[in-house]
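Please look over the structure shown below before reading on. The notes that follow take it topic by topic.

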Amino acid sequence: MAKSKVQSLKSKVHGPRPVPDAPPYGPIATGLSDDDFKHGKVCTTRWTHDAKYAWDRGVAIGKYLAGLKRGKILAVTCGSCNRTMVPPRAFCEWCFKPIDGWTEIKDTGVINTFSLCYVTWDVKRITEPLIPAVIEIDGASKGMGIMHLLGEVDPKQVKRGMKVKAVWKPAEEREGAITDILYWKPV
Amino acid sequence: MGNRVAIVGVGMTKFVRRALETGKELSWLASKMALDSCGMTMNQIDSVVMGTAPDTFDGVHMKGEYLSDGAGGFGKPYMRGFVGGGTGVFSVAQGWYHVASGMFDTCLVVCEEKMSTFQPHAQAAFVTIFDHIIERPLKPNLLWIFALEMNRYMTTYGLRKEDIARVAVKNKTNALYHPCAQIAAPVTVEDVLNSEVLAWPVQRLDVSPVSDGAVAVILANESVARRVTDKPVWVEGCGWALDTAYWTNRDLCYPRYVEEAARMAYKMAGVTDPRHQIHVAEPYDPFDYKELHHMEGLMLCGRGEAPQLTADGVTARDGELPVCPSGGLLGVGNPIAAAGLMKIAELFWQLRGEAGKRQIARKAKRGVAQAWGDLMQVGTVVVLGV
């Protein structure tokens with residue numbers, strides 16, 4: 001196969017080709033404008049996805065969520081690498097073996113990094129920023145953080161290394177979800 | 001490392017905010033240009049690799065199959081590779097192993113993205129990359145993870161916004177000479193610092209745009225390459241690596257996944273001292289801090305040293321180590337998968353001395369391109385040389 005292909009390619013070559021001044025070869029794609037959208041020149045459709053996802057919680061996250069419902073943060077440990085990990089998992093992804101047990105850790109922690117976000121998830125502008133953060137939880141190994149939100153804090157005051165504490169939903173309203181922690185506030 | 005593989009032809013459409021062309025049409029335009037650039041026809045292509053990122057953008061499930069006609073995939077061994085933003089560079093690695101294995105003589109690699117389909121803003125599609133139980137209920141925005149990472153990078157090394165804004169200035173200005181650029185502009189550091197705050201420390205001009213576009217390259221084994229061109233650009237090394245999806249458990253100030261991928265690619269290419277053996281670099285720069293992050297991951301400088309190199313002009317087009325002479329994603333645009341392949345295309349032109357007004361000042365014999373994606377966890381690296 002290879003031989004005949006090579007020969008056919010060779011016959012296509014007509015000496016060196018001109019090199020374009022500035023490759024590639026100038027504009028091709030044509031941008032639509034906002035006006036095209038405004039005046040309905042673009043075919044659009046709105047469709048409500050009639051689909052429901054029934055996610056399994058999984059072994060580890062299921063236990064984590066049950067802990068949150070009781071106002072506790074649970075972590076797992078791996079005896080091989082000596083890590084106490086949160087969010088918990090059923091296996092250690094480093095050692096690729098089952099974890100060695102569960103421990104309850106505190107509901108306090110330290111801000112590893114944060115952002116002041118002025119747009120919502122679907123890019124609507126907001127004036128009061130959302131403050132997502134990676135929070136390293138006390139009792140877990142160093143660097144083990146979870147993503148959550150900060151509250152009851154002046155955006156100007158937030159900084160890395162700040163100590164924070166979880167603000168829980170009232171016990172009767174908790175449903176076993178990450179939102180059972182409303183947000184984290186400075187201590 | 002198998003048979004030698006070269007890039008022999010390249011095609012690229014203009015990157016625009018909303019293309020009138022469909023994804024299939026963009027793919028065809030880029031593929032046709034790539035074929036024409038080396039005088040080949042589709043009959044001489046043995047296999048096709050399509051790179052295109054999330055299906056969610058287009059609302060077409062199994063988008064690779066949908067786009068296959070435009071990429072010339074009909075009746076040929078065709079596959080789609082997808083590792084989020086890392087796709088563009090990864091697709092060349094995929095094409096490489098098709099040809100290096102000896103299974104195929106030639107491979108057409110096409111990357112296409114049309115982000116404008118998703119209304120009102122492609123950003124909202126990204127909510128589905130987060131864990132559905134422990135993260136999505138917090139209504140995360142894609143900007144969060146970049147802002148968190150950028151803040152971590154800044155605080156770890158005591159950087160100011162100015163140190164990072166210089167990357168946006170450099171790349172958007174470099175893009176002025178790119179005929180396919182979407183948002184080239186002679187901006188200043190002040191412009192970046194005064195732009196709208198989206199998710200502190202990320203501001204409007206720190207971010208690449210939402211784009212539509214396509215890029216294609218043709219890979220060939222040595223015997224074919226020598227016949228269709230007298231200036232083949234060799235794929236000297238490929239590498240790819242994934243970090244854990246427990247991204248909040250990682251140290252966000254250093255991209256370890258890039259280092260792993262770079263080590264794999266450098267080993268294959270025989271690069272032992274990247275600082276001196278790499279002459280031009282196209283790291284992935286969807287955000288300005290990301291270029292710095294990735295320069296460090298590619299071991300082109302020590303940890304925390306990239307901002308100083310940028311300030312000293314080392315990474316400028318006429319500097320000692322030109323970085324993103326194309327203008328990068330910040331200047332040329334960011335149609336996700338196509339943006340990664342644009343970096344490969346730029347190295348092709350730079351190494352052949354065909355980059356026109358964008359040609360770098362120093363003599364370059366070897367370059368590295370890198371892309372990154374998924375939940376901030378994949379690194380893909382390709383080393384090219386002449």
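How much space lies in the largest cavity? The largest cavity holds about 50 Å³ of space, where a cavity is a set of points, on a 1 Å grid over the protein atoms alone, at which a 1.4 Å probe fits but cannot get out. This is a predicted model, in which local features need pLDDT of at least 70 and side-chain atom pairs count only at pLDDT 80 or more, while totals for chains, interfaces and linings use all residues. Residues are numbered from 1 along each chain as its sequence is written, chains are lettered from A and ligands numbered from 1 in the order in which they are written, and side-chain values use heavy atoms, with hydrogens and water left out.

**The cavity**

- The structure holds 1 cavity of 30 Å³ or more, a volume being the space filled by probe spheres set on grid points that are joined across faces, edges and corners.
- Its lining residues (those with an atom within 4 Å of a point) come from chains A and B, and among them are A:Tyr64, A:Met147, B:Glu135 and B:Thr248.
- By class, the lining of the largest cavity has 6 nonpolar, 1 polar and 1 charged residues.

**Helix H3 of chain B**

- Helix H3 (residues 87–100) of chain B has 14 residues, which at 1.5 Å a residue should span 20 Å, and this agrees with the 19 Å between its end C-alpha atoms.
- Because 13 of the 14 residues of H3(B) are buried (under 20% relative accessible area, with a 1.4 Å probe and protein chains only), the helix is largely enclosed by the rest of the structure.
- Just after H3(B), B:Gly102 takes a positive phi of about 90°.

**Cysteines**

- The structure holds 0 disulfides over all chains, a disulfide being a pair of cysteine sulfur atoms within 2.5 Å.
- A:Cys78 is buried, with a relative accessible area of 2%, and its sulfur is 3.7 Å from the closest cysteine sulfur, in A:Cys81, which is too far for a bond.
- B:Cys253 also counts as buried, at 6% relative accessibility, and the closest cysteine sulfur to its own, in B:Cys301, is 13 Å away, too far for a bond.

Technical notes
Helices (H or I, at least four residues) and strands (E, at least two) are DSSP runs, numbered from the N terminus. The expected span of a helix is 1.5 Å times one less than its number of residues. Buried means under 20% relative accessible area, exposed over 50%, partly exposed in between (1.4 Å probe, protein chains only). On a 1 Å grid over the protein atoms alone, a cavity is a set of points where a 1.4 Å probe fits but cannot get out, and a pocket is an open set with protein on both sides within 12 Å along at least five of seven lines; lining residues have an atom within 4 Å of a point. Ala, Val, Leu, Ile, Met, Phe, Trp, Tyr, Cys and Pro count as nonpolar, Asp, Glu, Lys and Arg as charged, and the others, Gly among them, as polar.
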